[in-house]
Amino acid sequence: MENHNKKILITGGHLTPAVAVINELKKRGYTNFVWVGHKYNQSGSNTPSAEYNTVNELSIPFYHLKTGKLIRDWSPSTFIYGIKNLFAIVGGFINAFTIIRKEKPSLVMSFGGYLALPIVFAAYINGIKIATHEQTIVTGLANKIISKFATKVFISWEDSAKYFNANKVVFTGNPIRSDVFEIQDESLLVNINTTLPTILVYGGNQGAHEINSRIFDILEDLLKDFNVIHQTGNSNVTKDNEQALHIKNSLNKDITNRYIPVDYINSKQVGTVLNKADIIVGRSGANTVAEILALGKLCVLISIPQTSHDEQIKNAKFVEQAGLGIYLTQNGLTPQKLYQTILLLRNQLNNGKSANNKDLQEVKESALKLIKLNAAQIVADQIETLI
């Protein structure tokens, strides 16, 4: 029981697997956590991030760390941006040392990304044990550097092992929050038309402006045949949520209940909307992909262009090969193309077929075998060996 009082610092760019691991550790009696992350949803915004709100719900102390990204492709157009990031990186390392020396955690658990790098380095210099988790099929520069300082490297996909020191690697799978499988708060769905199929527009914690804008263009056509739950994000730069609410208020009263715009889907709502959804339209981040495979949902995946090593493209193609998704490139994607793809998936669903025209139930069962539903437990087991 003495170990249960030891402090675990959580940091990194992936919220939902971190929450899954924390909840598993809480079940085992661990209560002493601290979180380092982004307080705001984007640079220059004063809107609290989904990360900050979720951590507050968990009653975990939160540190906002402002740092910079490592710029690899220098050019005249990126020079000023790159210089600003270099100064921000220096500031991030100074702040990281301050946090580490104040909190004195027994373990730093990183969930990857550039934000985690200064914290991991500060922990290493101070002799603190480090574990890191890689969610994606490929790994970026920050995670490769982090892995050099880590005692253990947890991976979600066996193919990721080649990027790391084999002596450190543990194949854990990608932790999926238990809320995904639970029907809890159904308040968002009170007035929907239960005779129609439901689309979930799911652009990640911050929403996805490029997806949102295309959905807005085809929304009235979609509402003839579907309910649409639309997670817009809460950006005060794009103001997509404001536009969604304006559109809802302008719809004919016979279809307005079919459209459910929401800036953020919280932990009590997420299982309800994911399980209710017949088709998901969204990004192809590692955690979204894991949830889609776990629940066996047909989907249209539109990757973020120019992610590190094209990780979102590879994630989307992975789901496509599994038979659950259709991958569309964002560049050149017309609203009409998106609309026709959604209709195609609806027809497949009506015929009991997957996206690759195989039996849908068989594809769902095969997809489930591609992930580890007990990943959070495996990561928690490993953490316990370190503290």
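In which helix does V120 lie? V120 belongs to helix α4, which covers residues 116-125, where helices (H or I, at least four residues) and strands (E, at least two) are DSSP runs numbered from the N terminus. The model is a predicted one, in which local features need pLDDT of at least 70 and side-chain atom pairs count only at pLDDT 80 or more, whereas totals for chains, interfaces and linings use all residues. Residues are numbered from 1 along each chain as its sequence is written, and side-chain values use heavy atoms, with hydrogens and water left out.

The chain contains 13 helices and 13 strands, and its C-alpha trace spans about 60 × 45 × 40 Å along the principal axes. For 387 residues, a compact globule would have a radius of gyration near 21 Å, and the chain, at 21 Å, agrees with this; the radius is taken over C-alpha atoms, and the globule rule is 2.2 Å times the number of residues to the power 0.38. Buried residues make up 55% of the 387 residues, buried meaning under 20% relative accessible area, exposed over 50%, and partly exposed in between (1.4 Å probe, protein chains only). Of the contacts (heavy atoms within 4.5 Å) with a separation of 6 or more, 69% are accounted for by residues 24 or more positions apart.

V120 counts as buried because its relative accessibility is 0%. Leaving aside residues up to four places away in sequence, V120 touches V108, S110, I130, I146 and F149. The C-alpha atoms of V120 and A131, which are eleven residues apart along the chain, are separated by 9.0 Å.

Helix α13 comprises the twelve residues 375-386, which at 1.5 Å a residue should span 16 Å, and the 17 Å between its end C-alpha atoms agrees with this expectation; the expected span is 1.5 Å times one less than the number of residues. Within α13, A375, A376, I378, V379, A380, Q382, I383 and L386 are buried. These buried residues pack against helix α1 (15-27) and against strands including β1 (8-11), β4 (107-110) and β5 (129-134), as well as β6 (152-155) and β7 (169-171).

At the surface, I80, a residue of helix α3 (residues 79-103), is exposed because its relative accessible area is 58%. Together with F79, I83, L86 and F87, I80 makes a nonpolar surface patch of about 530 Å².

Definitions and conventions:
Patches are made of residues with over 30% relative accessible area and no salt bridge: like charges are joined within 9 Å, nonpolar side chains (Val, Leu, Ile, Met, Phe, Trp, Tyr) within 5 Å. Accessible areas come from the Shrake-Rupley method with a 1.4 Å probe; for residues, only the protein chains shown count as cover. A salt bridge is a side-chain nitrogen of Lys or Arg within 4 Å of a carboxyl oxygen of Asp or Glu.
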